[in-house]
Amino acid sequence: MIATLVQLLLLAATLVLAFYFLTNRRKARAKAGVKLGFVLFIIAAVWAVLRPDDLTVLANWLGVDRGTDLLLYVVVIAFLFTTMSTWIRFREQELRYARLARAVALQSPVLPAHEVADEETATK
C-alpha cells in the first residue's frame, strides 16, 4: 500500500512538472521556478552524498526500501524533465528559424535565373 502511495506521488509530481513546464514556458516565473528547482536539486544531491543514511531514513519514511531507490526515482524524474525541456527548446528554436527565413524571404525576394538574365538584357 505504501509503495503504491510513493509511486502515485512520483507520477503526480512528474505530471505536474510536465503540465507546469508546458503551460508556463515563456513566463519569467516559470524560468525562475526552473532555476530554483535546479538549485534545490543540487542542494539535495550534496545532502544525499554527505549524509546517505538520512536519505535511507527519508526513503523508509516514504515507503521505499532503500535510499538509492529513492534517489533513482528522483533522478529519473529530473531526466524526464531535462529531456522534455530540451525537446521543447529545440522545437521553439526551429519555429524561430522558420519565421526568420520567411521574413528574410519576403524582404529580399530572389529572382529565378532566367528572370535575372531578362532584366540584364533589358537594361542594356
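Select Gly 67 and show what surrounds it: Gly 67 touches Leu 55, Thr 56 and Ala 59, leaving aside residues up to four places away in sequence. Contact here means heavy atoms within 4.5 Å. The model is a predicted one, in which local features need pLDDT of at least 70, side-chain atom pairs count only at pLDDT 80 or more, and totals for chains, interfaces and linings use all residues. Residues are numbered from 1 along each chain as its sequence is written, and side-chain values use heavy atoms, with hydrogens and water left out.

Stay on Gly 67. Its relative accessible area is 3%, so Gly 67 counts as buried (buried is under 20% relative accessible area, exposed over 50%, partly exposed in between, with a 1.4 Å probe and protein chains only).

Next, select Ala 59. With residues up to four places away in sequence set aside, Ala 59 touches Val 64, Arg 66, Gly 67 and Leu 70. Ala 59, Val 64 and Leu 70 also belong to the largest nonpolar core, which has 5 residues in all and includes Ala 48 and Leu 55. Such a core is a set of buried Ala, Val, Leu, Ile, Met, Phe, Trp, Tyr and Cys residues joined through side-chain atoms within 4.5 Å.

Now colour the charged side chains. A salt bridge is a side-chain nitrogen of Lys or Arg within 4 Å of a carboxyl oxygen of Asp or Glu, and the count by this rule is 2. Select Arg 66 and Asp 69, whose side chains form one of them at 2.9 Å, N to O. Arg 66 is partly exposed, at a relative accessible area of 49%, whereas Asp 69 is among the buried residues of H4. Then go to Arg 51 and Asp 54, where the closest N and O atoms of the salt bridge are 2.7 Å apart. Arg 51 is partly exposed at 47% relative accessibility, and Asp 54 is partly exposed at 23%.

Select residues 67-107, which form helix H4, the helix that holds Gly 67. Helices (H or I, at least four residues) and strands (E, at least two) are DSSP runs, numbered from the N terminus. H4 has 41 residues and reaches 60 Å from its first C-alpha to its last, close to the 60 Å expected at 1.5 Å a residue (the expected span is 1.5 Å times one less than the number of residues). Buried positions in H4 include Ile 77, Phe 81, Met 84, Ser 85, Ile 88 and Glu 92.

Two further selections follow the record. In an unreviewed entry, UniProt lists residues 6-23, 32-50 and 70-90 under "transmembrane region"; its positions are in the numbering used here, feature names are shortened, and annotations may be inferred rather than shown by experiment. Residues 32-50 are 100% helix and 0% strand, with end C-alpha atoms 27 Å apart. Residues 70-90 are likewise 100% helix and 0% strand, and their end C-alpha atoms lie 31 Å apart.

Finally, show the whole chain. The chain has 5 helices and 0 strands, and 15% of its 124 residues count as buried.
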